[in-house]
Each structure stands twice: as structure tokens, then as C-alpha cells.
Amino acid sequence: METDERIGFIGLGIMGRPMARNLRKAGYRLTVWNRSRPGIDALVAEGAQEAASPRAVAEQSSVVITILGDSPDTERVALGEDGIIAGAHDGLLHIDMSTISPAVTRAIAERYAAAGIEMLDAPVSGGEQGAIDGTLSIMAGGKREVFNRCRPLFEAMGKTLVYCGPIGSGQVMKLCNQVVVGLNNLAMSEALVLAARAGVDPATMIEAVRAGAGSSWALHNLAPRILAGDFKPGFKVWQQQKDLRLALELAREGYTPLPGTALVHQLFAALEAEGLGGEGTQALVKALEKLANTSISRGAS
Ligand SMILES: NC(=O)c1ccc[n+]([C@@H]2O[C@H](COP(=O)([O-])OP(=O)(O)OC[C@H]3O[C@@H](n4cnc5c(N)ncnc54)[C@H](OP(=O)(O)O)[C@@H]3O)[C@@H](O)[C@H]2O)c1
């Protein structure tokens, strides 16, 4: 893809804003739309053009990128009255980088096919910092030749680009990622509770275990925050719940049992019932502390 390609960007939130910024830095011309003003103002101040609707973005672009909240949001922006589909023209491509349902992704792609629009699903992993640094992992589904055409564009936003298969495969891959993330969090939390109740220092447990086969991102990054009493969000409980719900829905469609994922989903639900949905996902340990009548920070009781 040459930098004379006209890029449209929709969804200028925590992730979208820095991703759009990195495309600008790489030399792409950008037309943007966001539901509310702050995202638009930030990008327009940096040289992007504003459009009046997703339809107008599509009309002025050869590639439209979206990174929105959940499946209904992407559906609305893609297929709504003033949506991307209403701005269909020859050669238009929509890349959805949100984390949404693979089934909804395929349904949108089908409607697009009838209107002559190509689609890739390309959800990301790496969080806000990865978006700012341009080091996201991008998992893409769709036609391989379309993915290849988009490589330079992805390289402006990410470091690891994985072609996953036909449309929807990127979302499936992202949900696999979230299953691993959720269960590693549970394993780390259980180990902390066990260490505290069995009378060993949780900090020493972290040091010993993360050096070996039990190592995980959660043990390296989340466990020290728990010991410091830091439950500020990198990734919020309600955001992880959305992804686990999507994974469980996907599993149900194919009669795939995911008992561990279901358990993590229920434990997070207990936190949400307590009003803790806005805390970081390391708060999972609080549900286990309750079950075990213990507190990691004040030691086992
Ligand atoms: N945050 C992370 O660490 C992370 C990491 C990997 C993947 N993701 C995924 O990336 C996506 C975006 O996450 P985020 O953290 O950037 O969320 P966010 O900050 O809440 O941004 C969401 C964006 O979507 C827009 N939006 C939501 N619903 C809409 C609708 N119905 N119509 C039009 N626009 C709508 C919002 O507009 P307004 O500005 O008007 O609200 C905003 O621009 C999600 O699917 C998330 O799961 C997030």
C-alpha cells in the first residue's frame, strides 16, 4: 500500500487515537469521524480531516479503519443508515480492529460482499501503551492478498502481524488470547492466596515461580501490583468480561466446553456485583481472597 492511499479512521478512543496518530506519523492522509468531539478535535489539531459521518469517511477513503467498543457498535457504524456501507465505492476496504464477535464480523462481511466492499478483521493485543508505541500484535482474518496489501499500514501501528485465515479468524485468535490471559490471571491469583494461607511470603513465591515453568505475563506484571495494593486499571474488569463473554458465546456455537473460562467469567461477575468493574483485572484476586477468608496484603488469617 502506498502512502497516497486515503485512510479513514473511526473510533478515536483510548486505542484509536494513538493508532491514528501513528498512521499520520507514517505519512498517511487521514479522514476521521468519532461519535463525540474530543477524539475528533485531537486528531484534527494534528492535521487530520474531519468527516460528518462514517458514510462520509468511506466516500473520501480507500481504506476505513474502525476500533470501537462491542459488536453492536461496529454493526451500527458499518451497516447503519449513515454507515460505511452507504459510502461504498470501487476498491473500498474496511478493516475492523475492535474486539467483537466472529459471527457478527462474518455477517458484516457478507453484507459488504453484496455491496462490493472488502473486509478484514484485525483485532489487537498490547493495550494503550502498545498502541502509543506502535508495537501492537495484530491478528488478521480475511483474504490473504488483502492482508498483504495492508502490511505497510499495519506496520505503522504494530510489531507482530499474524495472518490467521479467512474473515473472522482474527477475532477467534484474539478470543483465544483472552482465554489464556484470563486463566493465567486466575492461576497467579490462586498461587498468591495459597502462598499467603500456607505461610510463605507471596513476594518470595512470585520471585521463585516466575523464574520457571509457572512463569506468565500475569505473574510478572499483575502480581507485584496486587502486593502493592494497586488495583488501578491497565485493562478493566468489565472490558475483560466483554471478551470472555465473546469467547464463551463462540464456544457455545461450536459446543466447545470452556470450564476454566466460565469460572473466571463468574468470579469477575462477583467483582462487578460489588461495583468493582472499573478496577484493573488484577482485582480477580479479591474474589479468591473472599472465598479463602484471607488478604494477601495483610497476610493469611
Ligand atoms: N483498551 C485496551 O487496552 C484494549 C486492548 C486491546 C483491544 N481493545 C479493544 O479495542 C476496542 C476499543 O477499545 P478502547 O479501549 O479504545 O475503548 P474506548 O476508549 O471506550 O473507545 C471506544 C471508541 O468507540 C467509539 N464508540 C463506541 N460505541 C460507539 C457507537 N455505538 N457508535 C459510534 N462510536 C462508538 C467511542 O466513541 P466516543 O469517543 O464518543 O465514546 C470511542 O471512540 C474494544 O473493542 C476493545 O476491546 C482494547
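Modeller: A helix here is a DSSP run, H or I, of at least four residues, numbered from the N terminus. The model is predicted.

Biologist: What makes the place of threonine 105 a helix?

Modeller: Threonine 105 is found in α5, residues 102-115. A helix is an H or I run of at least four residues, so that run is called one.

Biologist: Why is threonine 105 called buried?

Modeller: Buried means under 20% relative accessible area. Threonine 105 has 0% relative accessibility, so threonine 105 counts as buried.

Biologist: Which residues is threonine 105 in contact with, leaving aside its neighbours within four places in sequence?

Modeller: Contact means heavy atoms within 4.5 Å. The residues are Ile100, Met119, Asp121, Ile167, Gly168 and Gln171.

Biologist: What does the side chain of threonine 105 reach at 2.9 Å?

Modeller: The side chain of threonine 105 reaches the backbone oxygen of serine 101 at that distance.

Biologist: Asparagine 148 sits in helix α7, residues 144-155. Why is asparagine 148 called partly exposed?

Modeller: Buried is under 20%, exposed is over 50%, and partly exposed lies in between. Asparagine 148 has a relative accessible area of 37%, so asparagine 148 is partly exposed.

Biologist: How far apart are the C-alpha atoms of asparagine 148 and tyrosine 163?

Modeller: They are separated by 9.0 Å, with the two residues 15 apart along the chain.

Biologist: Which part of glycine 69 lies 2.8 Å from an oxygen atom of the ligand?

Modeller: A polar backbone atom of glycine 69 does. For arginine 76, a polar side-chain atom lies 3.5 Å from a ligand nitrogen.

Biologist: How much of the ligand's accessible area does the protein cover?

Modeller: The protein covers 84% of the 900 Å² that the ligand has on its own.

Biologist: Which elements give two or more residues to the shell around the ligand?

Modeller: They are α4 (71-79), α6 (127-133) and α12 (237-253). With three residues, α4 gives the most.

Biologist: How do the shell residues divide by type?

Modeller: Nine are nonpolar, nine polar and six charged. Of the 24 residues around the ligand, Asn34, Ser36, Leu68, Gly69 and Lys242 come nearest.

Biologist: What do the buried residues of α14 pack against?

Modeller: They pack against α8 (169-197), α11 (223-227) and α13 (259-273). Among them are Leu284, Val285 and Leu288.

How values were computed: Residues are numbered from 1 along each chain as its sequence is written. This is a predicted model: local features need pLDDT of at least 70, side-chain atom pairs count only at pLDDT 80 or more; totals for chains, interfaces and linings use all residues. Side-chain values use heavy atoms; hydrogens and water are left out. A residue is near a molecule or strand if one of its heavy atoms lies within 4 Å of it. A polar contact is a pair of N or O atoms within 3.5 Å; within protein, one must be able to donate a hydrogen and the other to accept it, and residues adjacent in sequence count only if both atoms are side-chain atoms. Accessible areas come from the Shrake-Rupley method with a 1.4 Å probe; for residues, only the protein chains shown count as cover. Ala, Val, Leu, Ile, Met, Phe, Trp, Tyr, Cys and Pro count as nonpolar, Asp, Glu, Lys and Arg as charged, and the others, Gly among them, as polar. Buried means under 20% relative accessible area, exposed over 50%, partly exposed in between (1.4 Å probe, protein chains only).
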